[in-house]
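User: Please take me through the fold of this model, with the criteria behind each term.

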Amino acid sequence: MKAVIIIIISIFVLIAIAQIYLSRSTKQTEQHSYKVIKKFDKFEIRKYDPALFSSVKLSKKGYKESSSEGFGILAGYIFGDNEANEKIAMTSPVVMELGDTTKMMFMVPKNYNLKNLPNPKNSKIVFEKEEEKIIAAIRFDGWADDEKIEKYKTILMNELVKEKLNYINKISFLGYNPPYEVMNRRNEVVVELINYK
């Protein structure tokens with residue numbers, strides 16, 4: 001009996017160590033840089049720097065229906081399924097624009113531009129430049145799903161109305177963690193603000 005308890009404790013310790021290591025590697029992943037302009041009780045306003053993204057439009061709607069397909073296409077590209085067979089570093093967060101259509105985007109690492117990026121083999125992948133923008137973001141922990149995204153979207157919209165902030169009626173989901181990371185998961189629902197001063 002004592003041996004079984006020792007084995008169970010050892011497994012839990014190994015899992016905890018692995019999750020701490022994964023959490024540190026996630027923090028070292030290049031992220032889309034931004035500056036926090038203002039914090040509210042439930043959300044914050046940020047100014048995002050311009051960035052280049054690889055993106056794919058998806059025929060299915062919603063997070064659950066589209067996330068695996070979109071991730072598979074874009075991850076394939078950065079893992080070497082491109083004309084140069086070149087591996088490109090993963091960045092964070094993964095962006096999903098959710099609405100009548102769904103689009104998934106990976107930020108392109110800063111050491112690449114449109115001239116030195118390898119061409120994708122998959123014709124669905126396109127590159128697009130996003131200019132500097134002001135967004136409102138609300139954060140939640142744990143595992144994301146359509147219900148949680150809808151819940152936090154509603155909270156964010158209500159807060160923006162309360163603060164009399166105008167926004168573009170197109171929400172995005174930001175996921176910061178790989179699927180195998182269990183602890184300290186970070187998810188956000190964001191929306192671009194209009195004429196914020």
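The questions and answers below go from the sheet to the packing around it.

Analyst: This is a predicted model, in which local features need pLDDT of at least 70 and side-chain atom pairs count only at pLDDT 80 or more, while totals for chains, interfaces and linings use all residues. Residues are numbered from 1 along each chain as its sequence is written, and side-chain values use heavy atoms, with hydrogens and water left out.

User: Which strands are the edge strands of the open sheet?

Analyst: Strands here are DSSP E runs of at least two residues and helices are H or I runs of at least four, numbered from the N terminus, and two strands pair if DSSP finds at least two bridges between them. Nine strands form the open sheet, with antiparallel pairing, in the order β2-β3-β9-β11-β10-β6-β7-β4-β8. The strands that pair on one side only are the edge strands, β2 (34-39) and β8 (126-130).

User: In β9, which residue is the bridge partner of Ile-45?

Analyst: A hairpin of four residues joins β2 to β3, and these two strands pair over five bridges, with Ile-45 in β3 as the bridge partner of Lys-38. β3 also pairs in the antiparallel sense with β9 (residues 133-140), over five bridges. There, the bridge partner of Ile-45 is Ala-136.

User: Why is strand β3 described as largely enclosed by the rest of the structure?

Analyst: Buried means under 20% relative accessible area, with exposed over 50% and partly exposed in between, for a 1.4 Å probe and protein chains only. Strand β3 (residues 44-48) is largely enclosed because, of its five residues, the number buried is four.

User: At about what angle does helix α2 run to β7?

Analyst: Axes are lines fitted to C-alpha atoms, for helices over the stretch in contact (heavy atoms within 4.5 Å), and angles run from 0 to 180 degrees between N-to-C directions. Helix α2 (residues 63-78) lies across β4, β6, β7, β8 and β10. Its angle to β7 is about 35°.
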